[in-house]
Amino acid sequence: MTEHTIVVGVGGESDCENAIRWAAAEAAARGTGIRLVHAFVWPEFPVALGPSEVAPGLRAHADKIVADSLELATKLAPEIPITADRVDGFPSPVLLRESRTADLIVIGSRRLGGALGVLVGSTGTDLAAHAHCPVIVVRPDDAVDQGRGVVIGYDGSPAAGVALDFGLDYARRHHVDARVVAVHAPNDDQQRVTQHDLARAVQSRQTGPVAELIHVTGKPAEELLRWSADARLVVVGSRGRGGFTGMLLGSVSQTVLRQARCPVAVIPRSAVQTS
Ligand SMILES: Nc1ncnc2c1ncn2[C@@H]1O[C@H](COP(=O)(O)OP(=O)(O)OP(=O)(O)O)[C@@H](O)[C@H]1O
Ligand SMILES: [Mg+2]
């Protein structure tokens, strides 16, 4: 196994097939391995009356999930080192622990009908807020390797700075365009990122293909969704320059996570502090 790993949380529903697909493409681009992890919750529940009759069946079911996801990943990425494990525990703590050593964590999510967008469950929200590495949320119907490139939301915050690093790096590895979007919300001059700030932030980092700088006025989440409509990935920080510290995710990252039409990469705060 290579030292660098992309961890995929596999829940056992078809939701995560596309997450595995995304991870396989990314592992090939990065030259890393993949680690598939299924969190098995049963041992977390105390069983009062002797050995349970259902436990062996549940364990066998969990092992089948692991085996099936390994089979799919191996089919998608035969040249990549892949491991798969059942780990006892609830999904959030299990995957948070994995995020300490992973390069990336990839999880699936369900799309809800109509305008409701996507169901990013509590595991996804928890990870996006607290993981120690970037978290990628992939919907079952997201196109994994199509779309015009990567869109990065930049609001001048430390998390957005890491989002910029991540997005430019992704563009370089995958030979796609990068569009860096800074939205100036009217009546919000205090938190304004000027055109000059935006250009300086990008120039100080750029090593790959030239990024397009987009400086627009409007509602940040709405504009990010608009610019990412034809993208293959949108990248945001879990928090930005705003300030309700009690919230796990900022309002922009929450809306983008729910409503983007492509995979979303979130850079959690803890990933910013340790990087
Ligand atoms: N005006 C903006 N232009 C471009 N990207 C933005 C803008 N605002 C936020 N983002 C992106 O969204 C991420 C999360 O920011 P968000 O605004 O959701 O959190 P916050 O500022 O902490 O909370 P809130 O604004 O809800 O008080 C940022 O790291 C950045 O990637
Ligand atoms: Mg904000």
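Q: Which residue has a polar backbone atom 3.1 Å from an oxygen atom of ligand 1?
A: G237 does. Keep in mind that this is a predicted model.

Q: What about G242, how far is its backbone N or O atom from an oxygen atom of ligand 1?
A: That distance is 2.6 Å. R241 also has a polar backbone atom 3.3 Å from an oxygen of the ligand.

Q: And how much of ligand 1 does the protein bury?
A: The protein buries 89% of the 610 Å² that ligand 1 exposes when taken alone.

Q: Which residues come nearest to ligand 1?
A: There are 21 residues around ligand 1, and G153, R239, G242, S251 and V252 come nearest.

Q: What classes of residue make up that shell?
A: Nine are nonpolar, nine are polar and three are charged.

Q: New topic, helix α5. Is it largely enclosed or open?
A: Largely enclosed by the rest of the structure, because 13 of its 17 residues are buried. Buried here means under 20% relative accessible area.

Q: What span should α5 have, at 1.5 Å a residue?
A: Helix α5 covers residues 158–174, so its 17 residues should span 24 Å. The end C-alpha atoms are 24 Å apart, which agrees.

Q: What follows α5?
A: H175 does, and its phi is positive, near 55°.

Terms used:
Residues numbered from 1 in each chain as written. Chains lettered and ligands numbered in written order. Predicted model: local features only at pLDDT ≥ 70, side-chain atom pairs only at ≥ 80, totals over all residues. Heavy atoms only, no water. Near = heavy atom within 4 Å. Polar contact = N/O pair within 3.5 Å; in protein donor to acceptor, adjacent residues only side chain to side chain. Areas by Shrake-Rupley, 256 points an atom, 1.4 Å probe, with all protein chains shown as cover. Nonpolar A, V, L, I, M, F, W, Y, C, P; charged D, E, K, R; others polar. Helix = DSSP H or I, 4+ residues; strand = E, 2+ residues; numbered from the N terminus. Expected span 1.5 Å × (residues − 1). Buried < 20%, exposed > 50% of the residue type's maximum accessible area, 1.4 Å probe, protein only.
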